[in-house]
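Good morning, everyone. Please look at the model on the screen while I walk you through a few of its features.

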Amino acid sequence: MYAARLWSVRHARGLHRVYEYFSRLAPAFAPLLRLIGERRAEALLHPLERAAKGFMFDCRECGQCVLSATGMACPMNCPKEMRNGPCGGVREGGRCEVRPDMRCVWVEATEGTKRIAPDHLAHPTPLLPAIDVRKHGSSTWIQVVRGRPDPAFQPPVGDRTVAVAEYGPFEQACNSGRFVVTVEVAPPDSADPQALLARAGKFDGLVDAINITDGAGGNCHMSSVAASAILAAHGYSPVYQIACRDRNRIAIQGDMLGAAALGVKNILCITGDDVSQGDHPQAKPVFDLDAVSLLHIARNMCDRGEYASGRKLDTPPDFFVGATANPFVPPHADRIANLEKKIAAGARFIQTQFCFDVPLLESFMKEVRRRGLHCRASIVVGVGTLGSARALRWMAAHVPGVHVPERLLARIAAATDQKAETKRACIEIVRAVAAIEGVAGVHLMGHRNEDVLAEIIVESGVRGASAQKTLQ
Ligand code: SF4
């Protein structure tokens with residue numbers, strides 16, 4: 001089946017033509033469908049559809065087929081059921097983060113899409129809505145005969161229909177055009193908030209916002225929503241990270257309202273790492289949404305004052321909504337489509353994965369500028385450090401989505417004081433990133449490395465007057 005699936009992607013252009021003819025002709029059979037009755041027609045047609053699509057695409061029968069928008073690669077074969085582009089964990093060579101024995105479904109989808117439309121990056125990419133589990137196991141062919149609206153189209157976020165609340169400090173900083181600095185803090189493994197406050201306190205006066213990770217790496221810590229609320233209550237500007245891995249859309253929307261009620265102003269929508277790398281590999285991953293559909297839901301809550309179900313909220317939240325990007329892993333240049341999709345779905349700031357490779361970032365930013373994406377969202381580049389070449393090499397090998405170039409590893413390994421050299425290299429990267437046109441700021445990351453990160457902010461000068469810059 002896997003071989004047939006790969007064959008289908010290789011022949012995406014021809015198969016897409018067949019689908020186009022079918023979708024044009026199919027509505028002509030609608031009167032016949034009504035005559036036979038939908039149930040009976042489904043009983044006749046569905047076994048045929050299941051056999052054909054199962055053989056050719058490894059179809060999972062989601063009942064909301066979007067093959068024509070995904071280069072003939074079924075997104076339901078992605079272990080995270082991503083429907084809007086690759087996750088940030090794609091491995092070297094385009095292998096899947098969760099199942100390294102197969103190629104990433106979205107690397108395949110990108111190749112199939114290029115075969116269908118070689119100029120695909122010139123067109124807006126369709127936003128695919130979150131899956132409706134009630135349709136699982138139903139026939140898509142019947143829906144096409146019925147003349148269904150194209151499922152590969154989700155209306156973009158509309159104009160704001162509810163009153164705008166006051167911007168939070170992080171949003172104000174991004175809108176001001178000055179260079180912003182954010183930092184990532186892991187919540188503690190403790191019921192006592194003091195450890196969290198002590199970590200956050202290392203960055204007093206140094207950062208515009210503090211990201212609170214949500215079970216990063218699939219490891220359990222104090223909840224991101226609680227830790228964000230604690231920081232907000234103590235006068236900080238937290239970025240509440242929301243991973244789709246652990247909660248469904250009902251729980252996430254409830255948590256977002258709770259966070260807003262507790263004074264949290266910023267959210268970061270992420271899909272989340274696979275559970276197999278964390279401390280609870282036996283846990284069941286949820287992935288009811290992907291980051292793009294979560295963004296869309298969050299913006300609808302803020303802008304239209306309604307849940308994903310359409311039910312109205314009494315008082316909508318008013319979040320500064322962000323997303324992530326990873327320009328450093330496959331499918332490299334094509335990741336711009338995913339970034340564009342996130343911005344179309346409502347992201348107003350973007351934080352990237354660790355940048356250890358400035359030339360790769362430069363070529364990505366060139367395309368960002370060409371498309372004007374930096375004017376629609378603040379691009380904040382992830383930077384960080386570890387204490388030795390060995391630790392960096394381990395991270396590159398074991399943390400999905402992290403790319404460390406060999407030349408940097410060789411430089412650190414050759415140093416007599418590796419710790420000082422990694423810090424020096426990080427400061428150089430911060431300065432190089434700050435000089436790239438369109439970069440709005442840096443986002444410092446480093447697990448329980450707060451002292452060094454605070455030193456890097458000060459010594460790199462990004463908090464000084466020299467760092468003032470205006471976005472083009
Ligand atoms: S690498 Fe990520 S996006 Fe690609 S198939 Fe695996 S889980 Fe899905």
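Let's start at a loop. Pro331 lies in the loop between β5 (320-325) and α12 (335-344). Those labels are DSSP runs, numbered from the N terminus: helices are H or I with at least four residues, strands are E with at least two. Pro330 and Pro331 are joined by a cis peptide bond, with omega about 0°. For background, most peptide bonds are trans, and most residues other than glycine have a negative phi.

Two ground rules. Residues are numbered from 1 along each chain as its sequence is written. This is a predicted model, where local features need pLDDT of at least 70, side-chain atom pairs count only at pLDDT 80 or more, and totals for chains, interfaces and linings use all residues.

Now, phi. Glu61 is not a glycine, yet its phi is positive, near 55°. Glu61 sits in the loop between α4 (38-57) and α5 (105-116). Met72 is in the loop between α4 and α5 too. Its phi is also positive, about 65°, and Met72 is not a glycine either.

Are these residues buried or exposed? We count other C-beta atoms, placed from the backbone, within 10 Å of a residue's own: 20 or more is buried, 12 or fewer is exposed, in between is partly exposed. Glu61 has 19, so Glu61 is partly exposed. Met72 has 28, so Met72 counts as buried.

Next, the barrel. It is closed, has 8 strands, and runs β1-β2-β3-β4-β5-β6-β7-β8 with parallel pairing. Two strands pair if DSSP finds at least two bridges between them. The twist averages 30° from one strand to the next. Here axes are lines fitted to C-alpha atoms, for helices over the stretch in contact, and angles run from 0 to 180 degrees between N-to-C directions.

Take β7 in particular. Strand β6 (residues 349-354) pairs with β7 (residues 378-384) in the parallel sense, over 4 bridges. Gln351 stands opposite Val380 in β7. Strand β8 (residues 439-445) runs parallel to β7 as well, joined by 6 bridges. There, Ile379 has Val439 in β8 as its bridge partner.

How many residues of β7 are buried? It is 7 of the 7, so β7 is largely enclosed by the rest of the structure. In a regular strand, side chains alternate between the two faces of the sheet. In β7, Ser378, Val380, Gly382 and Gly384 point one way. Ile379, Val381 and Val383 point the other way.

Now zoom out. The domain assignment, automatic or from a database, gives domain 1 (2-146) and domain 2 (169-467). Their C-alpha centres lie 32 Å apart.
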